[in-house]
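Hi,

My notes on pockets and ring contacts follow below it.

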Amino acid sequence: MKKIYSKIKKKKLLHIFFRPTKKNQRINISPEDEFIQLCYLNLSKNDKFLPHKHFWKRNNQKKRIVQESWALIKGSAKVTYYDLNEKILTSKTLKPGDISITFEGGHKLDILKNDTIIYEHKNGPYEGQKKDLRYLK
């Protein structure tokens, strides 16, 4: 797991690049105080989750940010990570099974192969491009 921090606010975690391992394990990828929560599960036959459901609860958050993750399923893509001041921090090539999470700062995705399949996840409610994002120059 590669944690990418801001150069402006040194302790501010902006992005995570995660490449899975083959061990039978659970890895909590997102810090528990972030809006988007992601964990990696490498499971074996007969592993199971007991029947359960999640419930509504009050949240005292006054502000929110839309956070986003990309999980590359098939193909290849290059993700570029940006700092809080919109300067490039680094780039990584996503391969099948890799995950990119952006908590804050910017990101860009360039598809490198035809028929690339990516799952995109974000916290909601998402109010669309006009209200929830701004394109970088």
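By class, the residues lining the largest pocket split into 10 nonpolar, six polar and 11 charged (Ala, Val, Leu, Ile, Met, Phe, Trp, Tyr, Cys and Pro count as nonpolar, Asp, Glu, Lys and Arg as charged, the others, Gly among them, as polar). Bear in mind that this is a predicted model: local features need pLDDT of at least 70 and side-chain atom pairs 80 or more, while totals for chains, interfaces and linings use all residues. Numbering runs from 1 along each chain as its sequence is written, and side-chain values use heavy atoms, with hydrogens and water left out.

That largest pocket has a volume of about 810 Å³. Its lining has 27 residues, and Gly105, Gly106, His107, Leu133 and Arg134 are the closest to the centre. Pockets here are open sets of points on a 1 Å grid over the protein atoms alone, where a 1.4 Å probe fits, with protein on both sides within 12 Å along at least five of seven lines; lining residues have an atom within 4 Å of a point. Points are joined across faces, edges and corners, and the volume is the space filled by probe spheres set on them.

The second largest pocket comes in at about 700 Å³. Its 20 lining residues include Glu34, Phe35, Ile36, Asn59 and Gln61, which lie nearest its centre.

The charged end of Lys92 sits over the ring of Phe17, 5.9 Å from its centre (cut-offs: NZ of Lys or CZ of Arg within 6 Å of the ring centre and within 35 degrees of the ring normal).

Cheers
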